[in-house]
Amino acid sequence: MADSRDKATDQMKIWKQNRASQKLDTLTTGGGQPIADKLNLLTAGPRGPLLVQDVVFTDEMAHFDRERIPERVVHAKGAGAFGYFEVTHDITKYCKAKVFEHIGKTTPIAVRFSTVAGESGSADTVRDPRGFAVKFYTEEGNWDLTGNNTPVFFIRDAMLFPSFIHTQKRNPQTHMKDPDMVWDFWSLRPECLHQVSFLFSDRGLPDGYRHMNGYGSHTFKLVNAAGEPVYCKFHYKTDQGIKNMDVEVGERLAATSPDYAIGDLFNAIETGNFPSWTFYIQVMTFEQAERFQFNPFDLTKVWSHKEYPLIPVGRLVLNRNPVNYFAEVEQMAFDPSNMPPGIEASPDKMLQGRLFSYPDTHRHRLGANYLHIPVNCPYRARVAHYQRDGPMCMSDNQGGAPNYYPNSFSAPDCQPDCMESKFQTSPDVARYNSADDDNVTQVRTFFTQVLNDEERNRLCKNMAGSLKGAQLFIQKRMVANLQAVHPDYANRVQAYLNKFNAEAEKNSVHVYSRPGATAVTASSKI
């Protein structure tokens, strides 16, 4: 039995074997002083009190008290790995970024996969979108493509993001997951229908992280060397093939192996079975964007692959596990505003909101100098700016270089050739309500054309299995939203709700009074 253990389970044994006959390291304090005894406190007599001068204890305990950093509000449970991106096709006519400058070029990458709603200790085999964030360490600075395993999202306006995430977390009084909160929000905001349909389809429960696709999801802008811009979307398709998990298997693993996805990725890489993804872009010209039947910057919508075909670009390959999880995964920080010249933001309202929110989160969670942490450091670029000081400064703080701009002393200067592309805006400034911006057409296409009949049935069963936990008026509102998509969608979900609700009523516990006694009479005798 012990001989058949996987690499993740045998990590400690393998670490010892890799040391071979190396001499044991000397145990020290955090300050490097050798320790003579790590098992016994320094006390006045065998029963006496602890001495304050026991710095071996206080050094250890004080650090232990501070081991935890704030958990991510979303995407708390995750796995990470490292590898490279290789260009296989020329897209320089669209983008001048050096990461794409020639076929065969490789760029180091770091990837973090995650669930979205659960806490750090939650199971990773639950129905939930999966985060799929890629950090490219380019010579023009880091490029953080912070995506998911679905091409769309629940909302299109960043104003709604905190409230949406609150519904996915815990009830403020009971501290329990609350179906009323979840389905109340989803049913009140029909733009959620597309992502909710993805979520309760088979792809809402992927078999680990290796067998799922990734998407930049947002619309971005690419600019070539001539300054000509186009809009684009990023896709990374798994080379391992799509593989999803049966609901029953996911529930069993959530109880018996809650870190299944983390272990699956670790063991695959450790045994040399390096996962990879083929990287594509979709391209839309500004003229096509003006004629597009939907808002091309709407995160709840996709671009038709028939109208805007996938263009191959390269491959992502993961070939190294983290040496230490905390240092290289828990501290890993992705920031959508990290874009090298040639890749820019579009007017996508959700992307615009994330440009602020993500780095702000990292400064709270990791500190103002989070980019000094090795895993986040843009180590392939020469970093030079006028930011200084702050907690945990890990460098020479740029020495004696001027800390103000402009200056007359040969300090870092601007590079006009990296200027952002120009674009025009003409509309009035206002708070525009996009709640009813065609929330059903693409969902109808997904239900009737993308899924086969068995997949449609599983989607409806999965959805009803969750929706049944919400109050009846919320169930009715959600079914009415589905009716607007397609009558068959609504009817199937309603049929499963009727079945599940009838079973719940049948299995509920009833308290009967003795024959001939009314409930009031019975209660008066208590």
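Begin by selecting S187, a residue that counts as buried because its relative accessible area is 3%, below the 20% cut-off. The model in view is a predicted one.

Next, colour the helix that holds this residue. S187 belongs to helix α4, which covers residues 179–188.

Now display the side chain of S187 and look for its polar partners. Which backbone oxygen does the side chain of S187 reach? It is that of D184, at 3.1 Å. Then select R477: its side chain makes a polar contact with the side chain of S187 at 3.0 Å.

How many helices and strands does the protein contain? There are 15 helices and 10 strands. The C-alpha trace extends about 90 × 80 × 50 Å along its principal axes. Of the 526 residues, 43% are buried. Where contacts link residues at least 6 apart in sequence, 72% of them join residues at least 24 apart.

The accessible surface amounts to about 28,900 Å², with 55% of it belonging to carbon and sulfur atoms. Colouring by charge will show 58 positive and 60 negative side chains, and the centres of these two sets are 4 Å apart.

Key
Residues are numbered from 1 along each chain as its sequence is written. This is a predicted model: local features need pLDDT of at least 70, side-chain atom pairs count only at pLDDT 80 or more; totals for chains, interfaces and linings use all residues. Side-chain values use heavy atoms; hydrogens and water are left out. Helices (H or I, at least four residues) and strands (E, at least two) are DSSP runs, numbered from the N terminus. Buried means under 20% relative accessible area, exposed over 50%, partly exposed in between (1.4 Å probe, protein chains only). Contact means heavy atoms within 4.5 Å. Accessible areas come from the Shrake-Rupley method with a 1.4 Å probe; for residues, only the protein chains shown count as cover. Lys and Arg count as positive and Asp and Glu as negative; His and the chain ends are not counted. The place of a charge is taken as NZ of Lys, CZ of Arg, CG of Asp or CD of Glu. A polar contact is a pair of N or O atoms within 3.5 Å; within protein, one must be able to donate a hydrogen and the other to accept it, and residues adjacent in sequence count only if both atoms are side-chain atoms.
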